[in-house]
Amino acid sequence: MQVTVSVNGEEHARDVEPRLLLVHFLRDELGKTGTHWGCDTSNCGTCVVLMDGEPVKSCTLLTATAAGHEITTVEGLERDGVLDPVQQGFHEEHGLQCGFCTPGMMLTARALLNENPDPTDGEIREAISGQICRCTGYATIVRSIRWAAEHPAEAAEEVAG
Amino acid sequence: MATIEDRPIGFGRLKRKEDARFIRGQGKYVDDVQLPGMLHGAVLRSPVAHARIVSIDTSAALQHPKVQAVITGKDLEGLGLAWMPTLSADTQAVLATDKVRFQGQEVAFVIADDRYSARDALELIDVEYDVLPAVVNARKALDADAPVIRDDKEGQSNNFIFDWESGDRAATDEVFANADVVVAEDMLYPRSHPAPMETCGSIADYDKVDGSLTLWCTTQAPHAHRTVYALVAGLPEHKIRVISPDIGGGFGNKVGIYPGYVCSVVGSIVTGKPVKWMEDRSENLMATSFARDYVMRGEIAATKDGKILGVRVDVIADHGAFNATAQPTKYPAGFFHVFTGSYDLAAAHCSVKGVYTNKAPGGVAYACSFRITEAVYLVERMVDVLAHELDADPVELRLKNLIRPDQFPYENKTGWTYDSGDYENTLRKALDIAGYDELRREQAQKRERGELMGIGVVFFTEAVGAGPRKHMDILGLGMADAAELRVHPTGKAMLGLSVQTQGQGHETTFAQIVAEELGIPPEDIDVVHGDTDRTPFGLGTYGSRSTPVSGAATAIVARKVRDKARIIASAMLEVSAEDLEWEKGRWFVKGDPEKGATIQEIAMGAHGSVELPEGVEGGLDSETVYNPPNLTFPFGAYICVVDVDPGTGKVTVRRFIAVDDCGTRINPIIIEGQVHGGLTDGVGMALMELIAFDEEGNCLGGSLMDYLIPTALEVPDWETDFTVTPSPHHPIGAKGIGESATVGSPPTIVNAVCDALKPYGVRHMDMPCTPSRVWDAMQGKAAPPQ
């Protein structure tokens, strides 16, 4: 079937199988491999993207369902070479280790901060509780999101490898 | 504005170099690799735990328009690849030929144009099974009427794998016979799973023309894997390139070689195209390396005033259907014999019996250095059991028995030499942070009101950095690691490592070691790993061995470069090398500090036209292989506070204090992160995570809906601190830290839960302490979880 999905502000028209999951559309059709896949049961949240600004698990969403909606992936967080404060925060506060859950965590954080610019630690933990991180023990993720909340307009320092 | 504190040239709180790609979604994991013409594989797995295969009909699958090939065990038999050696020198079926021996075992491999079609075709394969009774409980594996699982092995007439012991049995028996107090406890360290967020997978690309194989693979040990493939498949080793790109967490799960990897290789050879195989989460949980599964009976002997005299342990080790555990050859139970813990004992003995069951093979790890997790759990629970019997304070009991600083290097009763420690200092620091006495007062008040609060205390000693080659090898490969340092003419450098990060931050930490030794800024050092074509040979990352082994290799190779730089500087400065003195980043003339050359200037000089002394070659590159003289022995004091809901049995971890000592601290940010992650593993194991089976051998933990992993809501904000007792034999005094918290935290939490349940007379309960199991314990019905 023909679908048109807007990803990070760009329209993508493709002929896909009706059963194609959004996560595979993003990864295999568009080559946006920053969105990961980690379980079969919507438990792990490594596949989280934003649909019209709300976090959704792209492993549980058909591509067809996303048609006509605006999808934001991790590749869409950085704007004009400037990191989103959430990205900067994860670097500042060591909010990532292996990096596999990180894109989903950052997108949930972005959605949270859009809704609630000054969340409590409890609200942050609640917001990310549908996602699993096996490396960090979450405390530094909470601090990363707090950092982003405290630096909303920070001119991000360049994070170079 | 960056300060020197933010950007240390050497050890310190340097933010990670590797973050740049990960925060942009630009990490490159195995499943992100797309090759032209690539096909997709999927594995058909056994639905039953034990059955004879009557027939396999693949004809319908082959009719599928997008299927390119279907491979069965019979096809592999023709190639001599139906079985492969395990890391414990047993054999494991790649695809089953005669029987299936656990639920989820690999039976056939479909190769199709896309991943959905490959999965569709699995449904079209018809396998007829003749179901056999299954052995699930390790305690019953050696019963006379137990079905024999490994009838493929000549001479195997039961489910016995090995008997192994350590310590002095007679001396220990004597100590026990004469002790005032002897307490015994049966405990199970249940089966759990590392479950990294990225599952396992591979892409094999075989080039028929030149006979070369490139294998992208989720492996923690790319070099060891390459050698095993060469030995198994008969492919020449120099024609195999293993690339382990970014790895989405390993925790031991990615140490082993899985049938799926081999199938992707065979698939590429058969089809002539690259073949990708990525397992799904159920496959990961049901078929790849589990962890633990130790059935233990511990006994502890003491005087009536609490001097611990000895510990005695009997273990039945459940190794599943194939003995695929990754332990050094000499030690089939890994380093379990470090169960003497942090205490000065008169005698100790353990015996371990390995058995086959109809469960998944592996037993590799889960952030555990070779069975030390089980050992620490055993001894730390036993000390609390003793405290319960003596009605002693668990802290006082530990303080009375800890090895004293003046006893190091300390030889324990099972043959280990602990390198360094100041245990009491570390424990007291944890007690101060926790406010231990105040916590006990709060607990007493709460108990009067019927509230259940528990305080758990643990002191653990780890043994990491395997290991000295005369004692430790895996499949005959000595457990050494190499480092190669290339210094380019402009003074920028490349460090090649045989170890492989899975999130531990090697690209930062190892650059810092070079920076500390040579004064080259970390951002000028590219750390290369995970590619056998670009890095020197070594055994890889597991068992917290990267810093103890490769960290040492890195320091030594940097020192070799520094020594060479001295000779080159002496030629450049026209003074004798003996007259030069080093300060970080620069050789200068003694007594004339203005006259000198920076490492960058020397690098250019090394490649330039300066006349060098007779016999000295140009360039600064160097390579070394490090054979550790001993393991390193990090340690820590952990305190946990839990609240148990008396109405539901639900345990809440309110506080967790972790004071770790890993010797010299290279990057405290990364160390803290490693500790946080391990503590969370501990909450998982102690309260939630369990791979259980029913009587027929059906896996009951085969998805993340059943195998529960902590989220941000189940863990507290960790309280971490540290002491520093350098390792005397490590070049920079560092010890491993990756697994300390995973080792130390489960018994801390269980000690806290049992402490909370003391009013109910609970002395011990097995993990996981789920609400229903805690509730059972409160009713006096504590039982193992299977």
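Two residues are in contact if their C-beta atoms, placed from the backbone, lie within 7 Å. On this criterion, in what is a predicted model, 42 residues of chain A are in contact with 48 residues of chain B.

The elements that contribute two or more residues to the side of chain A touching chain B are listed below.

| Element of chain A | Residues |
|---|---|
| Helix 3 | 85-92 |
| Helix 4 | 102-115 |
| Helix 6 | 139-150 |

Helix 3 of chain A gives the most to this side, with four residues. Classified by residue type, the side of chain A that touches chain B holds 17 nonpolar, 18 polar and seven charged residues.

Within chain B, five strands form an open sheet of mixed pairing, in the order 9-17-16-15-10. Strand 9 (160-167) and strand 10 (181-189) of chain B stand at the edges; each has a single partner strand, so one side of each is left without a neighbour in the sheet. From one strand to the next, the twist averages 10 degrees.

Strand 10 and strand 15 (residues 294-302) of chain B run antiparallel and are joined by nine bridges. In this pairing, B:Val181 stands opposite B:Ala302 of strand 15.

A helix also packs on the sheet: helix 9 (residues 372-390) of chain B touches strand 10, strand 15 and strand 16 (308-318) of chain B. The direction of helix 9 makes about 140 degrees with that of strand 10 of chain B.

Conventions. Residues are numbered from 1 along each chain as its sequence is written. Chains are lettered from A and ligands numbered from 1 in the order in which they are written. This is a predicted model: local features need pLDDT of at least 70, side-chain atom pairs count only at pLDDT 80 or more; totals for chains, interfaces and linings use all residues. Two strands pair if DSSP finds at least two bridges between them. Axes are lines fitted to C-alpha atoms, for helices over the stretch in contact, and angles run from 0 to 180 degrees between N-to-C directions. Ala, Val, Leu, Ile, Met, Phe, Trp, Tyr, Cys and Pro count as nonpolar, Asp, Glu, Lys and Arg as charged, and the others, Gly among them, as polar.
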